[in-house]
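Have the model open while you read.

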Amino acid sequence: HEDRCIGCLLGVACGDILGAGIEGWRASEIREIYGQLRNFEKSQRGFGCYTDDTQMTLALVVSLLEQGRVEAGAVSTKYAEFYEPWRGYGGGAQVVMHALKRELDYRATGRMQFPEGSFANGGAMRIAPVGLAYRHAPEECVIRAANFGGDTDTIGAMAGAVAGALHGSGWIPSRWYDNIENSQRGRDEIVKLARELSRLDIAAG
């Protein structure tokens, strides 16, 4: 179980980083430049640096570890604490993060930009078939996901999380693992948090 937790969180980071340098590109543009992107590329955040997707995942993990359960107010506070604008937050998310930093009620901040709710990150509904089709080839699953075009870092992060949860961390190629940023809240911290998360067992009810 511990290695699956490590694999899940590192998978989020790997997929996120792989997709970060080509976020917003069309699949045809990716094919034209790379054929198929298989390795990390430098993004505006730097080489091996993850985006807001991984940062928010880590904030949620820390909140879970601290609270022992999902506590919306605590999670929101942790999101604001982890927030670094250069990670690539969208305009609406930045407004929400600044509101949370000002300690506004988290229950109101989500609808400040989107009164009817946000409909972003449609990758959540389209990534499952990739995970099923490539369930015995996790690296290929993440590569295919990050080459879909559109919100490639988010799609890659979700595919990486699923691959890691299923297969642990042994599938992650060294060319990815060795190049995940490793300063504050980097690769070593991700592994440490994953080990702690593996010991958290929240009872139903």
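Glu-181 and Arg-87 join their side chains in a salt bridge, 2.5 Å from N to O (a salt bridge being a side-chain nitrogen of Lys or Arg within 4 Å of a carboxyl oxygen of Asp or Glu). The pair ties together distant parts of the chain, 94 residues apart: Glu-181 sits in the loop between helix 11 and helix 12, and Arg-87 in the loop between helix 4 and helix 5. Both Glu-181 and Arg-87 are buried (buried is under 20% relative accessible area, exposed over 50%, partly exposed in between, with a 1.4 Å probe and protein chains only). Helices here are DSSP runs (H or I, at least four residues), numbered from the N terminus.

Keep in mind that this is a predicted model: local features need pLDDT of at least 70, side-chain atom pairs count only at pLDDT 80 or more, and totals for chains, interfaces and linings use all residues. Residues are numbered from 1 along each chain as its sequence is written, and side-chain values use heavy atoms, with hydrogens and water left out.

The salt bridge count comes to 13. Here are three of them:

| Pair | N to O distance |
|---|---|
| Glu-181 and Arg-87 | 2.5 Å |
| Asp-105 and Arg-107 | 3.1 Å |
| Glu-196 and Lys-192 | 2.8 Å |

Asp-105 is partly exposed at 37% relative accessible area, while Arg-107 counts as exposed at 64%. Glu-196 and Lys-192 are four residues apart in helix 12, about one turn. Salt bridges with shared partners also join Glu-66, Lys-78, Glu-81 and Arg-185 into one network.

Now for a charge without a partner. Asp-53, in helix 3 (residues 52-67), is buried but has no salt bridge; Arg-45, the nearest side chain of opposite charge, is 8.3 Å away (Lys and Arg count as positive, Asp and Glu as negative; His and the chain ends are not counted).

On to helix 12 itself. Its buried residues include Arg-187, Ile-190 and Leu-197.

Key:
Helix = DSSP H or I, 4+ residues; strand = E, 2+ residues; numbered from the N terminus.
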